[in-house]
Amino acid sequence: MSAFFSALLLAACYLVQTTLIPMAMPGAAWPDLLIACVGCIALLRGALWGGITGFACGMFLDAQFSASFGLHTLLLTFFGLLCGALLPNASERARQSAAWAERMDRLWGRPQRSDRWRSDRFFRPTLAAMLCCGVKQFVLFTVAYFQGNPVILRAMPLSVGLSILYTGAATLVLYQLFYLCNRGAIAKDSIFTAR
């Protein structure tokens, strides 16, 4: 069931990014919702799901927009795998938080409350999506430059900076939505992998 709601949310983000945002925000800078979605799924479910989601999102973007087919697919798949592999997913973090609280209980003799979820649910996904957005924008601008568009380099700093900020703000909301969709699967994964 969580996969269905995650896919529905991902499809909604794709439609918003490809239809509403270009009309609402004219110019070269807008939030990259699909990078935010790929990063959120990779951080919640792991590298495999992040790579699969990145591949699917990249294929949709390449089929609709790309002059160089496969670039979005390659970048989003790489980002999904990288975010899922370098940063522990939510079930691992839940297991680590439970182990930390248990150690503190034994040490102090009273129940301890873990506050690690706060940074995990805000800082990590936002930072990962902002870094991935910056790298993607830089690669796309560089490819456009080498394809014969030298004027594009003048707009790059402002466009990349604003896109990074917009993507970070969108990630704060999207991660909470994906977390709500996947919290049952995360709890089940953390229970079964702890044994």
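Reader: Where does α1 bend, and by about how many degrees?

Author: In this predicted model, α1 bends by about 40 degrees at Gln17. The angle is taken between axes fitted to the seven residues ending at a residue and the seven starting there.

Reader: What span does α1 reach, and what is expected?

Author: From its first C-alpha to its last, α1 reaches 30 Å, close to the expected 33 Å. The expected span is 1.5 Å times one less than the number of residues, and α1 has 23 residues.

Reader: Which residues of α1 are buried?

Author: Buried residues of α1 include Ser2, Ser6, Leu9, Leu10, Cys13, Tyr14, Gln17, Thr18 and Ile21. An α-helix has 3.6 residues a turn, so residues three or four places apart point the same way.

Reader: Why is Leu10 called buried?

Author: Leu10 has a relative accessible area of 15%. Buried means under 20%, so Leu10 is buried.

Reader: What does Leu10 touch, not counting residues up to four places away in sequence?

Author: Leu10 touches Leu34, Cys37, Thr53, Cys57 and Phe178. Each of these counts as a contact because it has heavy atoms within 4.5 Å of Leu10. Between Leu10 and Ala36, 26 residues apart in sequence, the C-alpha to C-alpha distance is 9.9 Å.

Reader: Why does Thr167 count as buried?

Author: Thr167 is at 0% relative accessibility. The cut-off is under 20%, so Thr167 counts as buried. Thr167 lies in helix α7, residues 152–194. Leaving aside neighbours within four places in sequence, Thr167 is in contact with Pro31, Asp32, Ala36, Ala129 and Cys133.

Reader: What lines the largest pocket?

Author: The lining has 25 residues, and Trp30, Phe65, His72, Gln137 and Leu140 lie nearest the centre of the pocket. About 660 Å³ of space lies inside. At least two lining residues come from each of α1, α4 (71–86), α6 (116–146) and α7. The most come from α6, with six residues.

Reader: How do the residues of the lining divide into nonpolar, polar and charged?

Author: The lining of the largest pocket has 14 nonpolar residues, nine polar and two charged. Trp, Phe and Leu count as nonpolar, so Trp30, Phe65 and Leu140 fall in the nonpolar group.

Reader: How many helices and strands does the protein have?

Author: The protein has seven helices and zero strands. Of its 195 residues, 42% count as buried. Among contacts with a separation of 6 or more, 70% join residues 24 or more positions apart.

Definitions and conventions:
Residues numbered from 1 in each chain as written. Predicted model: local features only at pLDDT ≥ 70, side-chain atom pairs only at ≥ 80, totals over all residues. Heavy atoms only, no water. Helix = DSSP H or I, 4+ residues; strand = E, 2+ residues; numbered from the N terminus. Buried < 20%, exposed > 50% of the residue type's maximum accessible area, 1.4 Å probe, protein only. 1 Å grid on protein atoms, 1.4 Å probe; cavity = no way out; pocket = protein on both sides within 12 Å on 5 of 7 lines; lining within 4 Å. Points joined across faces, edges and corners; volume = space filled by probe spheres on them.
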